[in-house]
Amino acid sequence: MKGLVVVLALLLAAALGSVRGELELRRLRDQAPPGSRPHSVTITEFGAVGDGKTLNTVPFQNAVFYVRSFADKGGAQLYVPKGRWLTGSFNLTSHLTLYLEKGAVIIGSKESSQWPIVEPLPSYGQGLDLPGPRHRSLINGYNLTDVVITGNNGVIDGQGSVWWQWLRSHKLNHSRPHLVEFLHSEEIVISNLTFLNSPAWSIHPVYCSNVTVHNVTIESSLDAPRTDGIVPDSCSNLCIEDSTVSVSHDAISLKSGWDKYGISFGRPTSDIHINRVNLLSSSGAALAFGSEMSGGISDIHVNHLRIRDSYKGISFKTSPGRGGYIKQVAISDVQMENVHVGIEFTGNCSSHPDASFDPSALPVINQITLKNLIGTNISVAGVLSGIDGSPFTAICLSHLNFSMAADSASWSCSKVAGYSEMVFPEPCTELRDPSSSSSICFSLSRYSATAIA
């Protein structure tokens with residue numbers, strides 16, 4: 001009898017512990033994020049197991065399918081509690097908040113079969129690594145409205161090393177996937193999360209509008225092949241702020257399609273605001289424009305960058321065959337430290353999706369203003385190289401001071417023209433044309449007035 005009492009007591013304690021655990025889980029779920037959605041479900045309600053081993057692709061898919069029923073009722077939150085949640089690719093739905101609690105890690109499967117094959121983007125014509133289709137990203141949204149991916153500094157880890165090995169060893173059958181990708185979507189918020197080890201790019205909004213990326217951390221191995229951080233691609237009205245990106249290739253890269261495919265698709269990247277970000281790129285550029293820019297890039301405003309330990313600081317990249325334009329760009333208040341090339345303009349990015357590109361489709365680079373740049377331990381101040389028949393014009397430098405590394409070079413310029421004031425080391429003659437004035441520069445007078453105020 002005594003043994004039976006002990007057993008019953010243990011069973012009762014276990015049941016009470018389970019109830020307390022469920023109540024605590026509900027309490028945390030209902031608190032996060034405050035006031036966001038009128039309805040909330042937890043991923044464990046759909047059979048998910050956060051042990052880092054159980055594959056949870058189906059639970060994530062089922063959970064998203066279930067919360068679709070709340071779309072006309074204010075939407076719903078899908079709550080991911082502490083744990084390691086292994087999954088393959090899954091799609092989101094409109095009017096959804098995906099919330100990762102502190103200690104929650106969504107882990108991408110290392111099995112390529114868990115990342116379905118989809119058609120290449122119409123503005124690219126093929127995948128980035130290989131001709132033909134590509135792998136779908138880990139978390140996807142297509143033609144959605146009002147989606148939030150956020151948390152209490154939860155983590156999304158793509159476990160990209162296996163993809164990097166396949167790329168290096170030429171064992172990829174299709175182009176690598178990204179971590180998060182939205183297509184044809186609007187009113188998107190991504191915030192308060194850490195993104196690790198993407199197979200390719202970490203955050204890729206494409207053909208989207210009204211997008212905010214706020215307070216995110218993005219990291220990948222600094223020797224990973226061509227891993228980018230945030231890539232706004234044929235997007236409008238997008239804001240990136242208060243974030244840190246440390247990757248091997250371009251940390252933030254603005255794009256708008258590749259050669260004839262981007263020209264034909266014809267959707268530019270415009271009205272982009274980037275503020276208060278810390279960037280590191282071991283082999284690419286901290287802030288890059290292009291080289292896939294065939295739909296056009298314009299009306300870009302960047303303020304308060306911190307760039308360190310990078311191969312290139314700010315890079316504008318294009319090539320004959322791209323067409324399109326990069327224009328009306330204002331970059332202000334930048335600090336660089338330990339950067340090999342501070343500023344790059346190049347018209348010689350010769351990669352093309354196929355051999356049928358039109359070399360007479362020349363891009364236009366015009367009205368680029370860089371103001372209030374300070375650099376320490378810079379190896380090369382700037383390399384600016386335009387295109388025969390389409391020189392880069394109205395490149396304006398104002399109040400730039402680079403402290404150069406020992407045995408360093410300063411400026412190299414060809415097929416460019418512009419204006420400079422208060423620049424050290426003294427720029428090349430192409431940027432010191434006495435017939436030029438600040439009137440040719442995009443937004444320079446307004447930024448000067450703001451700085452004085």
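Predicted model: local features only at pLDDT ≥ 70, side-chain atom pairs only at ≥ 80, totals over all residues.

Analyst: Residues are numbered from 1 along each chain as its sequence is written, and side-chain values use heavy atoms, with hydrogens and water left out.

User: How many disulfides does the structure hold?

Analyst: A disulfide is counted here when a pair of cysteine sulfur atoms lies within 2.5 Å. One joins C396 to C441, with S to S at 2.0 Å. Another joins C413 to C428, at 1.7 Å. The number of disulfides is two.

User: Which parts of the chain does the link of C396 and C441 tie together, and how many residues apart are they in sequence?

Analyst: Helices (H or I, at least four residues) and strands (E, at least two) are DSSP runs, numbered from the N terminus. C396 lies in strand β25 (residues 392-414).

User: Are C396 and C441 buried or exposed?

Analyst: Buried means under 20% relative accessible area, exposed over 50%, and partly exposed in between (1.4 Å probe, protein chains only). C396 has a relative accessible area of 1%. C441 has 8% relative accessibility and counts as buried. C396 is also buried.

User: Is the disulfide of C413 and C428 left-handed or right-handed?

Analyst: The torsion about the S-S bond of C413 and C428 decides this. That torsion is about -55°, so the disulfide is left-handed.

User: Where do C413 and C428 lie, and how many residues apart are they?

Analyst: C413 is in strand β25, and C428 is in the loop between β26 and α5. Both are buried, C413 at 16% relative accessibility and C428 with a relative accessible area of 11%. The pair links distant parts of the chain, and the separation is 15 residues.

User: What is the pairing of the bonded cysteines in sequence order?

Analyst: Number the bonded cysteines of the protein chain in sequence order. The pairing is then 1-4, 2-3.

User: What is the volume of the largest pocket?

Analyst: On a 1 Å grid over the protein atoms alone, a pocket is an open set of points where a 1.4 Å probe fits, with protein on both sides within 12 Å along at least five of seven lines. Lining residues have an atom within 4 Å of a point. Of the 26 lining residues here, L128, W201, R226, K255 and E292 are the closest to the centre. The volume of the largest pocket is about 480 Å³.

User: Which strand gives the most to the lining of the second largest pocket?

Analyst: This pocket holds about 190 Å³ of space and is lined by 14 residues, with V118, R134, R136, Y142 and L183 nearest its centre. β10 (139-142) and β13 (180-183) each supply at least two residues of the lining. With three residues, the strand that gives the most is β10.

Notes:
Points joined across faces, edges and corners; volume = space filled by probe spheres on them.
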